[in-house]
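Please look over the sequence and the model below. A short report on the fold follows.

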Amino acid sequence: MADPLHLIAGTLRDAFAAVTSLAVVDIDPVVRPSDRADAQANGALALAKALGRNPRELAQAVVDTGIDYAHDDFVRDGDVTFPTAKVVGGFDFVGDGYNAASDILDEVVPNPDPDPLDCEGHGTHVAGTAAGYGVRSDGSTYGGPYSPTAVADLAIGPGSAPGASLLAYKVFGCSGSTDSAVTVMALDRAFRDGASVANLSLGSPFGERNGVEERTINRLSRAGMLVVVAAGNSGNAPYLVGSPSTADRALSVAAMSAAPARRRSRGTDKRYRSWRRWYCVDEATTPDLLHAICKCVAPLEKRPPSMAR
């Protein structure tokens, strides 16, 4: 079997030859302290029940900072040795000390190993949102049922597909950034390992359409793997969509608060009145999945006017 470091070096060399420059890709910071209402807000649990679908055989790849597979959100019966029954595979492409944006030579050289244990936390959060079991208030792993009412009081809510298995591909160290070549290697490995879906909660602002990551996503999508990518982390800023969610065949996903935002207005009696309101921009400015969610849960009469007007 070939040495993984030599394989990585060869892939990096090919990637450098394919593009004139490699953009540094920063991970999107975690912005939600709690996710127990997310599956209710986006309708994932209700939709799965309505369709009679149970994605237990679905393998979801998380291309991120790795996964803490010993976290209670992923552990059943004390199974904490990688690979586990939940996190069934993966690979660390870079090592804990890697940072593509560093000025220190030792930090920009990947040190891969077979164990994709998360030392930053972002990938674990993403994996939990995708396929975590859920955690009760006493710290024990939740085992179902997965109806919207049953999960409402959990300390950590379940993912959108709690029955799915996970594949962890670590492309970030404990801090900092990664680069396009490493992301491409992880996507290729996810496809070879049989992932049905790959999630990339990462990106660079002001995205392009034909970079090496975008071309890879389009190629893998045509081969049958759905690639879901964060639209960005720039707040309520229409048209500012980041790479690689700009790939033609990527499913670009923007975030929406599970609880509507609160705003205040000064009334004629000089007292403040408050109300709740969903914030969804109009169809032309919204990434793929957020527009579908807004149509389902946002009252149309309360949608703000398009910022394009």
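## The central sheet

β6 and strand β8 (residues 226-230) pair in the parallel sense over four bridges. Two strands count as paired if DSSP finds at least two bridges between them. Helices (H or I, at least four residues) and strands (E, at least two) are DSSP runs, numbered from the N terminus. In this pairing, Asn199 stands opposite Val228 in β8. On β2 (residues 59-64), three bridges link the strand to β6, again in the parallel sense. There, Gln60 stands opposite Val197 in β6. β8 also runs parallel to β9, joined by three bridges, and Val229 faces Ser252 in β9.

This is a predicted model: local features need pLDDT of at least 70, side-chain atom pairs count only at pLDDT 80 or more, and totals for chains, interfaces and linings use all residues. Residues are numbered from 1 along each chain as its sequence is written, and side-chain values use heavy atoms, with hydrogens and water left out.

Six strands form an open sheet, with parallel pairing, in the order β3-β4-β2-β6-β8-β9. β3 and β9 stand at the edges with a single partner strand each, so one side of each has no neighbour in the sheet. From one strand to the next, the twist averages 20°. Axes are lines fitted to C-alpha atoms, for helices over the stretch in contact, and angles run from 0 to 180 degrees between N-to-C directions.

Strand β6 (residues 197-200) is covered on both faces. Val197 and Asn199 are buried on one side, Ala198 and Leu200 on the other. Buried means under 20% relative accessible area, exposed over 50%, and partly exposed in between (1.4 Å probe, protein chains only).

## Helix α5

α5 lies across β2, β4 and β6 and runs at about 155° to β2. Eight of its 10 residues are buried, so α5 is largely enclosed by the rest of the structure. Among them are His122, Gly123, Thr124 and Val126. Ala127, Gly128, Ala130 and Ala131 are buried too.

## Nonpolar cores

The largest nonpolar core has 28 residues. Such a core is a set of buried Ala, Val, Leu, Ile, Met, Phe, Trp, Tyr and Cys residues joined through side-chain atoms within 4.5 Å. Phe93, Tyr169, Val171, Leu187, Leu200 and Met225 have the most contacts inside this core. At least two residues each come from β2, β4, α6 (180-192), β6, α7 (212-222) and β8. α6 gives the most, with five. In soluble globular proteins, nonpolar side chains tend to be buried together.

Which residues does Leu200 contact, leaving aside its neighbours within four places in sequence? They are Val63, Thr183, Leu187, Val227, Val228, Val229, Ala230 and Pro244. Contact means heavy atoms within 4.5 Å. Another core, of 14 residues, lies apart from the largest one. Val62, Ile67, Tyr69 and Ala164 are among its members.

## The disulfide

A search of the whole structure finds one disulfide. Cys119 and Cys174 form this bond, with their sulfur atoms 2.0 Å apart; the cut-off is a pair of cysteine sulfur atoms within 2.5 Å. Cys119 lies in the loop between α4 (105-108) and α5 (122-131), and Cys174 in the loop between β4 (165-170) and β5 (177-179), so the pair ties together parts that are 55 residues apart in sequence.

The torsion about the S-S bond of Cys119 and Cys174 is about -110°, so the disulfide is left-handed. Cys119 is partly exposed, at 33% relative accessibility. Cys174 is also partly exposed, at 30%.

## Backbone exceptions

Most residues other than glycine have a negative phi, and most peptide bonds are trans. The peptide bond from Gly144 to Pro145 is cis, with omega near 5°. Pro145 sits in the loop between α5 and β4. Ser243 and Pro244 are also joined by a cis bond, with omega about 0°. Pro244 belongs to the loop between β8 and β9 (251-253).

Asp77 is not a glycine, yet its phi is positive, near 60°. This residue lies in the loop between β2 and β3 (87-92). Asp77 is exposed, with a relative accessible area of 83%.

## Whole-chain figures

The protein has eight helices and 11 strands. Of its 309 residues, 44% count as buried. Among contacts between residues at least 6 apart in sequence, 74% join residues at least 24 apart.
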